[in-house]
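Let's take a walk through a handful of local details in this model. Keep the viewer open while you read.

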Amino acid sequence: MASIAAAALPDDSAVAHRRSEARIAWMLVLPAIILLFLFVLLPVASVIVLGFTDFELGYGKFRFVGFENYAHLITDRTFRKSLWNTTVYTAIVAPVSILLGLGIAMLIESETAARSFFRTAYFLPVASLIVAMATVWQYMFHPTIGPLNALLALAGLSGPNWLGSSGTVLYSLSIIGVWQSTGFNMVLFLAGLTAIPRELYAAAEVDGARSSLDRFLLVTWPMLGPTTLFIITISITNAVKVFETVKTLTEGGPNKASEVLLFTIYQEGFVYLRVGYASAMTVVFLLILVVLMFLQYRVLDRRVHYT
């Protein structure tokens, strides 16, 4: 019996040790869980609940209206217009910034003399405060004193009112979005290019990949799969969340030609004070992001080569 009790002691000690480690682990992770609950889960739950009410700031009473807010979204021309503008903006900014970021990263990677300078120069838009830089872009796009229209005048062309015309304002904001996102994508692609083993290029050359295009298609592009998937996800998410440039430069105008989803939500919630309706818009906005992320990982993740 004594031998059996002695044999059981190590097991009991091991169980007690594991329980102690588990308690310490929960104590360490508890602050993060509390912060996640307070600043992520609780606000999302509150927005979902408010989306079913007619709550307005400044009014003490509100009532549950079911899906009335969501039904109104279907017929709301402002919401549909902002949804379309956001789609067009994302369709321009995301792919163009990704392609430019990849191209610039490959050029910098092949340049040894001034690599640090170009890397810093192209990353400056990311580090710059976009609200402050919007003033610079406002000057560049100015219809009379702006340098863009001055260059067009030298070529004998009449420049448009970039930010004041319904036909050009969204494309002008897209140019700013591309300028802002390209540097960030470039840095991520540079990190991915640096991680590719040089031996793979030598092996590809032995196998007959003589041209730069062949080496890119056989080695670089497949090995950049995980990086590209991450960049696509981040680029689309950031493009859908555009707000600062619209708020600073156009206020959604002219004639709602540059109004995007986040700006519409801001207008409904903080200008018109219709928090219930703005919450319903926010829920739709979050659902769009979730669906986009799901589709990206569902479709693209299967084609990604992980080392």
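## Ground rules

This is a predicted model, so local features are taken only at pLDDT of at least 70 and side-chain atom pairs only at pLDDT 80 or more, while totals for chains, interfaces and linings use all residues. Numbering starts from 1 along each chain as its sequence is written, and side-chain values use heavy atoms, with hydrogens and water left out.

Helices here are DSSP runs (H or I, at least four residues), as strands are runs of E of at least two, and both are numbered from the N terminus.

## Helices α8 and α9

Start with helix α8 (residues 198–206) and helix α9 (residues 212–223), which pack at an angle of about 150° with axes 9 Å apart. Axes are lines fitted to C-alpha atoms, for helices over the stretch in contact, and angles run from 0 to 180 degrees between N-to-C directions. That angle makes α8 roughly antiparallel to α9 (under 35 degrees is roughly parallel, over 145 roughly antiparallel, 65 to 115 roughly perpendicular, and the rest oblique). The crossing of α8 past α9 is right-handed, meaning that the near helix is turned clockwise from the far one by less than a right angle, with anticlockwise being left-handed.

On the α8 side the contact (heavy atoms within 4.5 Å) uses Leu200, Tyr201 and Ala204, and on the α9 side Arg215, Val219, Thr220 and Met223. Sorted by type, the contact residues are 5 nonpolar, 1 polar and 1 charged. For that sorting, Ala, Val, Leu, Ile, Met, Phe, Trp, Tyr, Cys and Pro count as nonpolar, Asp, Glu, Lys and Arg as charged, and the others, Gly among them, as polar.

## Helices α2 and α3

Now for α2 and α3: their packing angle is about 70°, and their axes sit 5 Å apart. That makes α2 roughly perpendicular to α3. This crossing is right-handed.

Leu73, Ile74 and Thr75 of α2 meet Arg77, Phe79 and Arg80 of α3.

## Thr53 in its loop

Where does Thr53 sit? Thr53 belongs to the loop between α1 (2–50) and α2 (68–75). Thr53 is buried at 1% relative accessible area (buried is under 20%, exposed over 50%, partly exposed in between, with a 1.4 Å probe and protein chains only).

A polar atom of the Thr53 side chain lies 2.8 Å from the backbone oxygen of Leu50, and one lies 3.4 Å from the backbone nitrogen of Phe55. Not counting residues up to four places away in sequence, Thr53 touches Phe62, Arg63, Phe64, Val65, Asn69 and Gly276.

## The loop between α11 and α12

Most residues other than glycine have a negative phi, and most peptide bonds are trans. Against that background, the peptide bond from Gly253 to Pro254 is cis, with omega near -5°. Pro254 sits in the loop between α11 (244–250) and α12 (261–271).

Asn255 is in that loop too, and has a positive phi of about 55° although it is not a glycine. At 71% relative accessibility, Asn255 is exposed. Lys256 is also found in the loop between α11 and α12, with a positive phi near 60°. Lys256 is partly exposed, at 36%.

Lys81 lies in helix α3 (residues 77–110) and is partly exposed at 34% relative accessibility. Leaving aside neighbours within four places in sequence, Lys81 is in contact with Lys256, Ala257 and Glu259.

Residues up to four places away aside, Ser82 touches Glu259, Val260, Leu261 and Thr264.

Terms used
A polar contact is a pair of N or O atoms within 3.5 Å; within protein, one must be able to donate a hydrogen and the other to accept it, and residues adjacent in sequence count only if both atoms are side-chain atoms.
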